[in-house]
Amino acid sequence: MTVFCLGSINADHVYQVPHLPAPGETLAASAVQTGLGGKGANQSVAAAKAGSVTQHIGAVGADGAWAVDALRGFGVGVDHIRTSDAPTGHAIINVDPQAENAIVIFAGANLDQSAADIGAALATGGAGDWILIQNETSHQVDAAKAARENGVKVAYSAAPFDAEAVKAMLPFTDLLLMNEIEAAQLSEALGVKTTDLPVAKVLITSGAEGVDFLDTKTGEIVSKPAFSVDPVDTTGAGDTFAGSFVAGLEQGLSDADALRRASATSAIQVTRVGAATAIPDAAEVEAFLAAQ
């Protein structure tokens, strides 16, 4: 089986700062790290490192060959990444000593997707496969429709939050992933409780508080407390959780086991600087869980 991902590919520039900058303030960073990021790339790397066959669908600029090479190096399939006339996306990420961050994103090539290319990629999918989609690219609905036509289940991260984008995606979504702030925003936008959302399954992360997984058809809620760690950088933690969790579902794990493994994966990831580069592999996660 395969986990597809229509997702952003960014160059992440991570700056360690004494505090997050205020308007008009200039800060000196104590360190900087540049590496692969983007919600989509992070999710693809997490799924691949969790052991799933993973195919990324996306776009980079002529300056983005390094990013494609990096994804390939993490075990992600890159045959469906196109080269755009737009530059590769990038993010400026400030991280304070408490591991809180402030991020500015330039979308670039991420908004230059091709419906035909997406359809061709998903034509190779089938029952048992999943696709991960977020709001950092164009053509999300096209991808979801193509996935459904081929029997591929759709996992959609409602981030960065955009009420209209979420409304358009809900009819084609099997699993909706949000953090607690996004869940509150969506409930307000739609005028319904989270338990009444028109999606079969909803996952809500709450950072250090853990995660809730809701089956809206049965009303069953599975909750998993977060593992206690000392965070260094929380950038990409939600993406890491999403990619690992969907990989677990694709591999046939129970909801509870997939949640536990995803929680462990993101717990390790936040103890390191970076996003995709900080995601642990399956062996590291198993060792972490064995020590709990």
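His139 is partly exposed, with a relative accessible area of 26% (the bands being buried under 20% relative accessible area, exposed over 50% and partly exposed in between, with a 1.4 Å probe and protein chains only). A quick word on the ground rules: this is a predicted model, where local features need pLDDT of at least 70, side-chain atom pairs count only at pLDDT 80 or more, and totals for chains, interfaces and linings use all residues. Residues are numbered from 1 along each chain as its sequence is written, and side-chain values use heavy atoms, with hydrogens and water left out.

**Exercise 1. Find where His139 sits and check its phi.**

Step 1: Look in the loop between strand E8 (130–133) and helix H4 (140–149). Helices (H or I, at least four residues) and strands (E, at least two) are DSSP runs, numbered from the N terminus.

Step 2: Read off the backbone angle: phi of His139 is positive, about 65 degrees, although His139 is not a glycine.

**Exercise 2. Track down the cis peptide bond at Pro160.**

Step 1: Go to the loop between strand E9 (153–157) and helix H5 (163–169), where Pro160 lies.

Step 2: Check omega for the bond joining Ala159 and Pro160; at about -10 degrees, you've got your cis peptide.

**Exercise 3. Work out how the buried residues of helix H9 are arranged.**

Step 1: Pick them out of residues 282–290: Val285, Phe288 and Leu289.

Step 2: Look down the axis of H9: these buried residues fall within an arc of 95 degrees, so they line one face of the helix. The arc is taken from the directions from the helix axis to the C-beta atoms.

Step 3: Find the packing partner of the buried residues, which is helix H8 (255–269). Contact here means heavy atoms within 4.5 Å.

**Exercise 4. Describe the surroundings of Trp130.**

Step 1: Start in strand E8, where Trp130 is found.

Step 2: Trp130 counts as buried, at 9% relative accessibility.

Step 3: List its contacts, skipping residues up to four places away in sequence; among them are Thr2, Val3, Phe4, Val152, Asp174, Leu249 and Glu250.
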